There are 2 protein chains.
Amino acid sequence: MDRIITIGREFGSGGKELARLLSQKLGIAYYDNEIITAIAKKTELAEDYVKQIVEKKPNVFFPVTVGKTLYLGQHQLLWQSNLVYAEQSNIIKEMATKSSCVIVGRCADYILKEFNPYRIFVYADMDARIERCKIKGFQEGELASKAIKKQIIKVDKNRAGYYRFYTGQKWGDRLNYDLCVNTSSADIEKIADLIVKMLQD
Amino acid sequence: MDRIITIGREFGSGGKELARLLSQKLGIAYYDNEIITAIAKKTELAEDYVKQIVEKKPNVFFPVTVGKTLYLGQHQLLWQSNLVYAEQSNIIKEMATKSSCVIVGRCADYILKEFNPYRIFVYADMDARIERCKIKGFQEGELASKAIKKQIIKVDKNRAGYYRFYTGQKWGDRLNYDLCVNTSSADIEKIADLIVKMLQD
């Protein structure tokens with residue numbers, strides 16, 4: 001039977017690392033940037049632009065006191081965001097139909113509901129996440145803890161908003177996941193081994 | 001090294017079962033009603049009364065328009081609740097000092113912070129919890145699903161209020177735990193085996 005694993009993750013918590021390890025250990029596909037590339041191809045939008053859209057809640061505020069141009073601008077942004085989401089859903093479903101895989105983020109736990117995925121959420125204390133970002137040489141060079149923290153909060157706020165907008169659910173709410181793992185003082189490789197064992201038995 | 005495991009759990013999620021399995025598999029103590037008995041002994045309150053207190057947020061509402069008797073009544077209730085909490089903290093710390101153990105509920109994750117416990121939170125979908133309650137022959141005889149649901153909501157509300165009152169933290173908030181496990185469609189024995197493996201390695 002195919003096994004679909006979806007991983008939601010707080011920024012800096014090591015969710016991507018866990019996803020890669022799981023795909024290696026289980027010998028199944030790992031989808032991350034491939035999704036962006038596929039969306040860009042289908043929608044004819046630039047990859048960087050798609051990347052920006054898929055982690056940000058669309059702006060649904062339509063000012064009534066401003067001119068037509070701005071109104072259309074906002075409207076177009078929402079339309080584009082919805083288009084990207086629709087394409088993303090199709091692509092993620094296609095990927096899950098093809099074979100077992102691990103998919104990070106992108107509301108995959110919600111989009112793939114009927115595939116009965118194993119839904120993991122990875123999180124950590126703020127200090128541990130800042131530390132992880134530093135080790136990873138976050139954003140070409142080490143940022144000060146304060147700047148990293150700001151970035152973590154911003155990215156997670158965007159992720160939460162995007163998830164809420166397209167799923168109607170609360171991002172990180174335990175009930176949307178089968179397992180929530182705190183990586184603050186945990187060995188991610190060990191966690192991966194245990195999840196593999198749990199899924200293989 | 002001694003290993004302290006604390007288990008927070010939604011009512012009907014199988015948290016107690018997981019706790020018992022962990023204590024058996026690890027060969028360490030399991031504390032549940034022993035804590036109540038010890039509190040009752042130290043405070044000279046009835047066990048049933050202690051049981052009622054330790055899962056309910058104390059009433060801190062002091063009516064100013066009512067007579068002295070009621071005021072004192074409320075005051076005494078709060079005083080008793082605080083006394084029980086203080087005794088509970090001492091007893092739980094004594095138990096954790098003695099040897100490795102599994103402790104269910106009772107803010108143990110918070111009380112035992114300096115023991116660096118492995119903090120687990122067990123939860124499940126409402127339907128799965130109702131089903132589990134039915135199988136367990138909840139409250140001497142099977143209650144209708146609606147009544148069980150009402151009871152689940154009530155108990156969890158009390159647990160959340162008690163936890164919030166004495167720890168200042170949100171009950172069930174993932175950041176207060178190392179692992180949050182959804183038992184809706186999971187085999188609790190298998191989860192126990194994996195946690196044991198994780199802790200033993």
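A few conventions first. Residues count from 1 along each chain as its sequence is written, and chains are lettered from A in the order in which they are written. Because the model is predicted, local features need pLDDT of at least 70 and side-chain atom pairs count only at pLDDT 80 or more, while totals for chains, interfaces and linings use all residues; side-chain values use heavy atoms, leaving out hydrogens and water.

**The sheet**

Strands are DSSP E runs of at least two residues and helices are H or I runs of at least four, both numbered from the N terminus; two strands pair if DSSP finds at least two bridges between them.

In chain B, β2(B) pairs with β3 (residues 101–104) in the parallel sense over three bridges, and Tyr31(B) has Ile103(B) as its bridge partner.

**Salt bridges**

Side chains of opposite charge can pair when their charged atoms come close. Three of them are set out here.

| Salt bridge | N to O distance |
|---|---|
| Glu10(A) and Arg174(B) | 2.8 Å |
| Asp32(A) and Lys16(A) | 3.2 Å |
| Lys42(B) and Glu94(B) | 3.4 Å |

Glu10(A) is in the loop between β1 (4–9) and α1 (15–26) of chain A and Arg174(B) in the loop between α7 and β5 of chain B, so their bridge joins two chains. Glu10(A) is buried at 5% relative accessible area, and Arg174(B) is buried at 17% (buried is under 20%, exposed over 50% and partly exposed in between, with a 1.4 Å probe and protein chains only). These two residues also belong to a salt-bridge network with Arg129(A) and Asp156(A).

Within chain A, Asp32(A) is buried at 7%, whereas Lys16(A) is partly exposed at 36%. Lys42(B) lies in helix α2 (residues 33–43) and Glu94(B) in helix α4 of chain B, so this pair ties together parts 52 residues apart in sequence.

**Aromatic contacts**

Arg174(B) turns up again here, lying over the face of Tyr123(A) at 5.6 Å from the ring centre. Arg174(A) lies over the face of Tyr123(B), also at 5.6 Å. A charge sits over a ring if NZ of Lys or CZ of Arg is within 6 Å of the ring centre and within 35 degrees of the ring normal.

The structure holds twelve aromatic pairs over all chains, one of them the edge-to-face pair of Tyr85(B) and Tyr162(B), at 6.2 Å centre to centre with 65° between the planes. Rings of Phe, Tyr and Trp (its six-membered ring) pair with centres within 6.5 Å, and planes under 30 degrees apart count as stacked, over 60 as edge-to-face and the rest as tilted. Both tyrosines are buried, Tyr85(B) at 11% and Tyr162(B) at 3%.

Definitions and conventions
A salt bridge is a side-chain nitrogen of Lys or Arg within 4 Å of a carboxyl oxygen of Asp or Glu.
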